[in-house]
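Work through these exercises with the model open. Each task is followed by its solution.

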Amino acid sequence: MKLVRPNEKFLTSYYEACKEDDDYSPNTERIFGDPNTIIQKSRDYENGINMKHGYVKATTFWLIDNNQFIGEINIRHELTDFLLNYGGHIGYEIRYSMRNKGYGTKMLQMTLPYCKEVLKLQKVLITCDDDNIGSAKVIEKNGGIMENVVINDIERGTVKTRRYWINL
Ligand SMILES: CC(C)(COP(=O)(O)OP(=O)(O)OC[C@H]1O[C@@H](n2cnc3c(N)ncnc32)[C@H](O)[C@@H]1OP(=O)(O)O)[C@@H](O)C(=O)NCCC(=O)NCCS
């Protein structure tokens with residue numbers, strides 16, 4: 001099992017994962033990007049190029065197991081007001097067919113050394129919807145301590161957001 005940056009080698013597998021989401025999990029919050037642009041876009045965001053207004057630098061990793069794309073994790077290098085209340089430092093998703101097999105917990109665990117050693121973060125904020133039990137468990141199993149639950153009015157409506165910190 002390894003983390004790699006988005007690249008051509010696993011792009012077909014990424015397409016399949018996006019299709020799985022469309023077919024079986026259309027209403028979950030999507031982290032996966034557009035397969036046609038993900039490689040260039042993730043490179044740009046890591047280097048602070050062509051970013052949308054108000055966005056910060058971010059690194060994207062893909063979790064690969066048995067030569068297959070399993071999940072994606074995005075690490076924002078710093079927090080804005082929006083990220084502080086809603087998005088946090090890190091967002092992730094495991095492809096539909098691979099959920100509930102421990103991959104989400106493992107992918108976050110494998111990402112934390114990068115946050116500490118490369119980004120020099122002392123703690124990371126990770127958030128999830130109050131009713132996203134799977135995500136809350138992934139965070140808690142990686143040492144997340146809940147600070148509070150806040151209400152956010154966002155595009156998809158009014159949501160309760162759990163805010164957790166992991167000390168690195
Ligand atoms: C949230 C998500 C990343 C969890 O990944 P995962 O690989 O399924 O998680 P794990 O297999 O590591 O499971 C961790 C724990 O959560 C539990 N769990 C996972 N999905 C669950 C669900 N839908 N409901 C209840 N518990 C769940 C597992 O049983 C496990 O608990 P245990 O250790 O007590 O047995 C995955 O479900 C997903 O991609 N969801 C859609 C996108 C999303 O919500 N991203 C997070 C946004 S904050």
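**Exercise 1.** What share of the contacts in the protein chain with a separation of 6 or more comes from residues 24 or more positions apart?

Solution. The model is predicted: local features need pLDDT of at least 70, side-chain atom pairs count only at pLDDT 80 or more, and totals for chains, interfaces and linings use all residues. Residues are numbered from 1 along each chain as its sequence is written, and side-chain values use heavy atoms, without hydrogens and water. A contact means heavy atoms within 4.5 Å. The share is 60%.

**Exercise 2.** Find how much of the protein chain is buried.

Solution. Start with the cut-offs: buried is under 20% relative accessible area, exposed over 50%, partly exposed in between (1.4 Å probe, protein chains only). Buried residues then make up 48% of the 168 residues.

**Exercise 3.** Classify the ring pair of tyrosine 14 and phenylalanine 32.

Solution. Rings of Phe, Tyr and Trp (its six-membered ring) pair if their centres lie within 6.5 Å; planes under 30 degrees apart are stacked, over 60 edge-to-face, the rest tilted. Here the centres are 5.7 Å apart and the planes stand at 55°, so the pair is tilted. Tyrosine 14 lies in helix 1 (residues 11-24), and phenylalanine 32 in the loop between helix 1 and helix 2 (38-47). Both residues are buried.

Note on methods. Helices (H or I, at least four residues) and strands (E, at least two) are DSSP runs, numbered from the N terminus.
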